[in-house]
Amino acid sequence: MRASHRQPREEDPLKPEQLERENERLSREVERLRQELIERDKKIVELERKLALRRQNSTTSSKPPSSDGLAGEQRPRGSRRKKRPRKPGGQPGHRGHWRGLAPLSRVDQVIEVFPPKCRHCDSRLTRRMSTQGEPRRHQVTELPPIEAHITEYQCQCVVCPECGKATQAELPQDAQGHFGPQLTALIAYLTVVCRMPRRMVRELLEQVLAIPLSLGSIQNSWEEASEAVAQPCAELERQLPHEPVVNSDETGYRTSGEKRWLWALVAANFVFYKIALTRGAEVLVGLLGEVFAGILCSDRCASYLKYHKGEGQFCWAHFKRNILGIQEIGKTTDAERFCRDALALHARLFRLWHRFRDGPGVRYGPITREQLIAKSIPLEKKFFALADRYLDSRDKDVANLALALLQHFERFFAFLRHEGVEPTNNVAERALRCAVQWRKISFGSRSAQGEVAVARLLTVTRTCRMQHRAPLVYLVTAIRSHRNALPIPSLLKTTSTT
């Protein structure tokens, strides 16, 4: 058979209307794909933002340092500059520190030590031989055997010879409880200042002092210490509205699993703590009055903006963390440039502040307040111009921060014009740190009475630290005075009065 060779059949050319419909279909498909890419890009940006927000720590947000955790990425500590390798220990030129000798009046026992034989000729030496120079002193500090001092009161029942009836003697006023003022104060001190759980306090007292007691006894002693310091705490609360400068901050708290807020208000010479149901401005109204005449230093929480319309100081540390947060999550040119310029101005401003605050030993030499104000005026103008430039930025985070700087410009620079005002709210944050540690150990309180006790004892112990008093000594004095119905020592002696 003959093989047949077929020529391939040519397709019929498309008609113009068919080409037009095909072009329209392809255009729609291209537009659909373009929209899909735009939506995916938006989702990627949003996911990257959420991931960056989750990775933020206490250096790039308003989160407390206790929220950083151990599992996540650790925040940078210390200097950002690369340290030079050096040997551990004291460096050349470093002044040594050592434990000094106690005065002879404090020494309980002195033992003279003589060499038994001569180091050079091996001859025998005695105590009667002459000595040369002063002896080398060496002191060993040791704890004596610790035993609790137990006093037994035997209340006799005496029969009256006149009426023949018996009368039972009553306990002395300061012997009403089972523990003396020193032991009661020690229990409160261990729980609040040393932040020891009650079970650990019981273990310590049983093992070290041989004092067996129950958890209920520890709680009763703790509550008695709270009642003993109720009067000085009330005095501090009444003094708060009259203070010229108050730093305030708050943190979360729990009572029987329910949400509470622990407030810390720091004045010049005392700290006052308050556990409240809310974080709102009504707490400030209750503590500082309807109108506070002084300068309120805080972060930019809405509660402070709603309450205080007068003179205030916003925390630059919070503002810097906001800038670092935008720098970390921002992907726009505005975010990069705004953060770069704001951080540079912030560094220059605080360089001036440290020269004013730190005194003669500061680098570049100290400056007076007049010099601080004069040198800060150009920086204020640059901050204002920077905020105004990025007020309409397409980056919402940058625009919001620029708006906050413009709206509250005076409150960012109040520290330049007023004595006793710091540019940061670190003093209030440090006051909350011990309370946060207490909360993490004790898991909060179980009753309203426990809330009051926590606030009172924190107030007293931290105030004693500020006034360079011994908290334990003050608690002992307060408990002894409380039992004898005597006035409690005031904590307002070194504070300013109006």
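Trainee: At what angle do the axes of helix α4 (residues 215–228) and helix α15 (residues 471–483) cross?
Mentor: Helices are DSSP runs of H or I with at least four residues, strands are runs of E with at least two, and both are numbered from the N terminus. An axis is a line fitted to C-alpha atoms, for helices over the stretch in contact, and the angle between N-to-C directions runs from 0 to 180 degrees. The axes of α4 and α15 come within 9 Å, and their crossing angle is roughly 80 degrees.

Trainee: What kind of model is this, and how are residues numbered?
Mentor: This is a predicted model, in which local features need pLDDT of at least 70 and side-chain atom pairs count only at pLDDT 80 or more, while totals for chains, interfaces and linings use all residues. Side-chain values use heavy atoms, leaving out hydrogens and water, and residues are numbered along each chain as its sequence is written, from 1.

Trainee: Are α4 and α15 roughly parallel or roughly perpendicular?
Mentor: Angles under 35 degrees count as roughly parallel, over 145 as roughly antiparallel, 65 to 115 as roughly perpendicular, and the rest as oblique. The crossing is at roughly 80 degrees. The two helices, α4 and α15, are therefore roughly perpendicular.

Trainee: Which residues of α4 and α15 make the contact?
Mentor: Contact means heavy atoms within 4.5 Å. On α4 the contact involves Glu224, Ala225, Glu227 and Ala228, and on α15 it involves Ala478, Ile479, His482 and Arg483.

Trainee: Where in α10 does the kink lie?
Mentor: Helix α10 (residues 369–389) has 21 residues and spans 30 Å between its first and last C-alpha, close to the expected 30 Å; that expected span is 1.5 Å times one less than the number of residues. The bend at a residue is the angle between axes fitted to the seven residues ending there and the seven starting there. The kink of about 35 degrees comes shortly before Pro378, at Ile377.

Trainee: Which helices do the buried residues of α10 pack against?
Mentor: Buried means under 20% relative accessible area, exposed over 50%, and partly exposed in between, with a 1.4 Å probe and protein chains only. Among the buried residues of α10 are Leu372, Leu379 and Phe383. The partners of the buried residues are α8 (316–329), α9 (333–357), α11 (396–407) and α12 (409–412).

Trainee: How many bridges join β4 to β5?
Mentor: Two strands pair if DSSP finds at least two bridges between them. A hairpin of four residues joins β4 to β5, and Trp263 has Lys274 of β5 as its bridge partner. Strand β4 (residues 258–266) has seven of its nine residues buried. Between β4 and β5 (residues 271–276), which run antiparallel, the number of bridges is six.

Trainee: Which residue in the hairpin of β3 and β4 takes a positive phi?
Mentor: Strands β3 (residues 245–255) and β4 run antiparallel, joined by nine bridges, and Thr255 stands opposite Glu258 in β4. The hairpin has two residues between the strands, and the one with a positive phi near 55 degrees is Ser256.

Trainee: Is Tyr153 buried or partly exposed?
Mentor: Tyr153 sits in the loop between α1 (16–55) and β1 (157–159). Leaving out residues up to four places away in sequence, Tyr153 touches Leu171, Pro172 and Ala175. Because its relative accessible area is 43%, Tyr153 is partly exposed.
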